[in-house]
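Subject: Structure handover

Hello,

Here is the structure I promised to pass on. My notes follow below it.

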Amino acid sequence: MPLINLIREQRLEVKKGEGKTRLFFMGFAASVLVGVGSFGFLLFLAEQSQGDKADLEAKAQQLEPFLGHIKDAELEYSKVAPRVETLTAARDLTDKWNRLMDHLTVQTPERVWLSSIRAVAQDPKKPIQITFAGLSQQQQLIGEFQLRMQGSPDLEAVNFKFSQEKPVGAGYLLEFQIEAGLKGTTEEKERNEAKEEK
């Protein structure tokens, strides 16, 4: 029986086994390095977040007196808020009347004379009703006055009530009345709308 030299094959087999072992060891070492690196990175992030937390706590302690001042200011404001609202509403209403008077000054046609302006607020659910009474030489001028009042941003529902002849001195003039509502003066309705918006 012939002898076969198996030493070479055994050596190749041993080298293959050593290569596999080396490869396994290198993979294991790489895994360990990645694991250690990841753990170190997570540890670094944890330390950094602890430092950030400490900084934020220090800033919160510095700001604590200011928060106390803010709470005191809010308490003071809540005490004066009703007065501020009342004053603001009064100022807005005054501004409406000023704008309306300016509008009348500019928009009342020539040969139309206002004799009275009466404002009545009977129902808080309805706007303040204003009655404009006056005299004019012609019916057409009364219509023009009504149209110009409809152009006022502070009036709504401008309605012609009546006109009639009135003896004045030696002749006659037309006496008239026009009624309108003052916008933004419906108290209860406005309060309910404000509550619904909140």
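Start with Arg-111, which lies in the loop between α1 and β1. Helices (H or I, at least four residues) and strands (E, at least two) are DSSP runs, numbered from the N terminus. Arg-111 has a positive phi of about 65 degrees, yet is not a glycine. At 40% relative accessibility, Arg-111 is partly exposed. On the terms: buried means under 20% relative accessible area, exposed over 50%, and partly exposed in between, with a 1.4 Å probe and protein chains only.

Some ground rules. This is a predicted model, where local features need pLDDT of at least 70, side-chain atom pairs count only at pLDDT 80 or more, and totals for chains, interfaces and linings use all residues. Residues are numbered from 1 along each chain as its sequence is written, and side-chain values use heavy atoms, with hydrogens and water left out.

A positive phi also turns up at Ala-157, near 50 degrees, again in a residue other than glycine. Ala-157 sits in strand β3. Ala-157 is exposed, at 55% relative accessible area.

Arg-111 comes back as a contact of Gln-137. Gln-137 is in the loop between β2 and α2 and is partly exposed, with a relative accessible area of 44%. Leaving out residues up to four places away in sequence, Gln-137 touches Arg-111, Trp-113, Leu-173 and Leu-174. Contact here means heavy atoms within 4.5 Å. Gln-137 and Glu-175 are 38 residues apart in sequence, but 9.0 Å apart in space, C-alpha to C-alpha.

Next, helix α2. It covers residues 139-150, twelve in number. From first C-alpha to last, α2 reaches 17 Å, close to the expected 16 Å. The expected span is 1.5 Å times one less than the number of residues.

Which residues of α2 are buried? They are Leu-141, Ile-142, Phe-145, Gln-146 and Met-149. These residues are on the same side of α2 because they cover an arc of only 145 degrees around the axis. The arc is that of the directions from the helix axis to the C-beta atoms. An α-helix has 3.6 residues a turn, so residues three or four places apart point the same way. On the other side of α2, Gln-140 and Leu-147 are exposed.

Now the helix pair. α1 and α2 pack at about 145 degrees, with axes 10 Å apart. Axes are lines fitted to C-alpha atoms, for helices over the stretch in contact, and angles run from 0 to 180 degrees between N-to-C directions. From α1, His-103, Leu-104, Val-106 and Gln-107 take part; from α2, Phe-145, Arg-148 and Met-149. The residues of this contact divide into four nonpolar, two polar and one charged. Ala, Val, Leu, Ile, Met, Phe, Trp, Tyr, Cys and Pro count as nonpolar, Asp, Glu, Lys and Arg as charged, and the others, Gly among them, as polar.

Gln-150 is also in α2. Gln-150 is partly exposed, at 42% relative accessible area. Gln-150 and Ala-180 are 30 residues apart in sequence and 8.8 Å apart in space, C-alpha to C-alpha.

Last, Thr-131 in strand β2. Thr-131 is buried, at 7% relative accessible area. Its contacts, not counting residues up to four places away in sequence, are Ser-116, Ile-117, Arg-118, Gln-177, Ile-178 and Glu-179.

Best wishes
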